[in-house]
Every structure is written in structure tokens, then in C-alpha cells.
Amino acid sequence: DSDGQITDALADAMVAATSSGIGDESSTVADTRFIFVGNTAKQKGNRWSWTFYIRGDTDSIESAVLHLHPSFPNPEQKLSGPVLERTFSGWGTFPIDLQIFWKAGGELRTTW
């Protein structure tokens, strides 16, 4: 739109966990949870103010690490806590390598 805002771009991150043994030992219950990786951005002159976020069912996430463009002063940013988002300012677009670490162990690596 006219103020340069890009609205909620959503990516393709999904968590599926299966647990068995609930009630009858032969039963299996699938527990599917969704997380959404995205950003919002607003142009301010020749720069952009943008917020990267992970939303949805984030209770199973221990932390996330963003690997930004190397021109940023601190290109590796760790997100943890109940709100998994961070706001930045920059001049252009670039891919972000993302690592999501699960509370139950393991990790998801993707590029946004």
C-alpha cells in the first residue's frame, strides 16, 4: 500500500509431534502444532524498519537463532522467551538463515 507496509508474510514452518500410549497402549494420538515465520516492514525514507517474527504455537520452542546479512553489526541474533520477534532497520532484502531449537530436543533449519 501507499505507506510501503508489507503485511504478514507467512512461511512454511510446521511442527508435528506424535505421542503414543494414551489410554490403550496400541493407540496413537497425533499432536500437530503450527508456527508461522514471517515479517512486517515499513519504508522510512531510503531505509526499512522491519520486524521478524515466529508466531503460533511457540510453547514448544526453546529458542531461535537468526543469521542476518553480514553487514549487520551483530548478524547472529538469538530469540527466546514468550515473544519471538525482533525489529531491525536496513536498506534492502536478503535471506535469513534460521535455526529453531525445540524444548524436547532437536532443531529445525530453514531459510526465510
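Q: What makes Q43 count as partly exposed?
A: Q43 has a relative accessibility of 39%. Buried means under 20% relative accessible area, exposed means over 50%, and partly exposed is in between (1.4 Å probe, protein chains only). The value of 39% lies in between, so Q43 counts as partly exposed. Q43 is found in strand β3, and its C-alpha atom is separated by 9.6 Å from that of S89, 46 residues apart along the chain.

Q: How do you know what these values rest on?
A: This is a predicted model, where local features need pLDDT of at least 70 and side-chain atom pairs count only at pLDDT 80 or more, while totals for chains, interfaces and linings use all residues. Residues are numbered from 1 along each chain as its sequence is written, and side-chain values use heavy atoms, with hydrogens and water left out.

Q: How many helices and strands are there in the protein chain?
A: The protein chain has zero helices and nine strands. Both are DSSP runs numbered from the N terminus: helices are H or I with at least four residues, strands are E with at least two. Of the 112 residues in the chain, 29% are buried.

Q: Why is the pair of W50 and F72 called edge-to-face?
A: Rings of Phe, Tyr and Trp (its six-membered ring) pair if their centres lie within 6.5 Å; planes under 30 degrees apart count as stacked, over 60 as edge-to-face and the rest as tilted. The centres of W50 and F72 are 6.4 Å apart and their planes make 90°, so the rings pair and count as edge-to-face. W50 lies in strand β4 (residues 47–56) and F72 in the loop between β5 (61–67) and β6 (76–80), so the pair ties together parts that are 22 residues apart in sequence. Ring pairs also link W50, F72, F88 and F94 into a cluster.

Q: Are W50 and F72 buried or exposed?
A: W50 has 9% relative accessibility and counts as buried. F72, at 15%, counts as buried too.

Q: What makes E85 and R55 a salt bridge?
A: A salt bridge is a side-chain nitrogen of Lys or Arg within 4 Å of a carboxyl oxygen of Asp or Glu. The closest N and O atoms of E85 and R55 are 3.4 Å apart, so this pair meets the rule. E85 lies in strand β7 (residues 84–90) and R55 in strand β4, so the bridge ties together parts that are 30 residues apart in sequence. E85 is partly exposed at 33%, and R55 is partly exposed at 35%.

Q: How many salt bridges does a search of the whole structure find?
A: The search finds two. One of them joins the side chains of E107 and R109, at 3.0 Å from N to O. E107 is partly exposed at 36%, whereas R109 counts as exposed at 59%.
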